[in-house]
Amino acid sequence: MALNLIMLGPPGAGKGTQAERFARARGIPRISTGDILREAVHEGTEVGVRAKVVMDRGDLVGDDVVIGIVRERLNRPDASDGFVLDGFPRTVAQAVALDDIMAVRPPLIVVDIVVPESELVRRLSFRLICADCGVTAHPGNGAAPVSCRKCGGPLIQRTDDTDAVVRGRLGVYRRDTKPLVEYYRSRPTFCSIDGAQAADQVTADIAAAVEAAIGRGARAVGGRAL
Ligand code: AMP
């Protein structure tokens, strides 16, 4: 059975790091809408040029654009055995669209990473991306990365990780994305994870919670996307 997973949680909760670890361990792709958009910005595509203004403000890119990106990406062959979506969905409209996509390929496992806001602000001020290709640099086992794992480029702070923008993005999360927790909470495949722990413990908790969720999902009945 395919392992289809979404990671929910505020900016700085560790979604990227945990999504990457989980995807690597299971041999499935990690699909980050933020990384895809940053690459588009870097390449100067039409989508990228329009997205940059919105991203630099800390706002959300339009639902239609992001849903289109995800729909196309999930149809690629490497996602047929499963995927980890990182940063999508971020609005109820995106979650509804994802349910529509997943109706023919359930289940959908939902991992919500919970971290207190004071810790999020502290973490976000340390976050780095590659100046050359825009991909996020994730610390391995505690060691701070010095260059991009993808292209070897130098690492810089994201333009949307400054203090004022970070607080704005947390506000956007509370307003637009947090309601998704209630959207998914009653599903048997929903898992809530304490993301304030050490990264390795979070990784272990996610692995255990996903196994349990798969079991609950398999036992659940009904036609809707789990
Ligand atoms: P991230 O790397 O996930 O923090 O995303 C960085 C920025 O990309 C966000 O602040 C948004 O401007 C944009 N973005 C990423 N994913 C989405 C999404 N699912 N919906 C709307 N905007 C998004």
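Predicted model: local features only at pLDDT ≥ 70, side-chain atom pairs only at ≥ 80, totals over all residues.

**Helix H1**

- Let's start with helix H1, which covers residues 15–26.
- Nine of the twelve residues are buried, so H1 is largely enclosed by the rest of the structure.
- Among these buried residues you can look for Lys15, Glu20, Arg21 and Phe22.
- What do the buried residues of H1 pack against? Their partners are strands S1 (3–8), S2 (30–32), S3 (82–86) and S4 (109–114), together with helix H9 (199–219).
- After H1 comes Gly27, which has a positive phi near 70 degrees.

**Around the ligand**

- The ligand has 15 residues around it, and those that come nearest are Thr33, Arg38, Asp59, Gly87 and Gln94.
- By type, this shell holds six nonpolar, four polar and five charged residues.
- Helix H2 (residues 33–43) gives the largest share of the shell, with four residues.

- In the side chain of Arg38, an N or O atom is 2.9 Å from an oxygen atom of the ligand.
- For Arg169, an N or O atom of the side chain is 3.2 Å from an oxygen atom of the ligand.
- Gln94 has a polar side-chain atom 2.9 Å from a nitrogen atom of the ligand.
- On its own, the ligand has 480 Å² of accessible area, and the protein covers 96% of that.

Conventions
Residues numbered from 1 in each chain as written. Heavy atoms only, no water. Helix = DSSP H or I, 4+ residues; strand = E, 2+ residues; numbered from the N terminus. Expected span 1.5 Å × (residues − 1). Buried < 20%, exposed > 50% of the residue type's maximum accessible area, 1.4 Å probe, protein only. Contact = heavy atoms within 4.5 Å. Near = heavy atom within 4 Å. Polar contact = N/O pair within 3.5 Å; in protein donor to acceptor, adjacent residues only side chain to side chain. Areas by Shrake-Rupley, 256 points an atom, 1.4 Å probe, with all protein chains shown as cover. Nonpolar A, V, L, I, M, F, W, Y, C, P; charged D, E, K, R; others polar.
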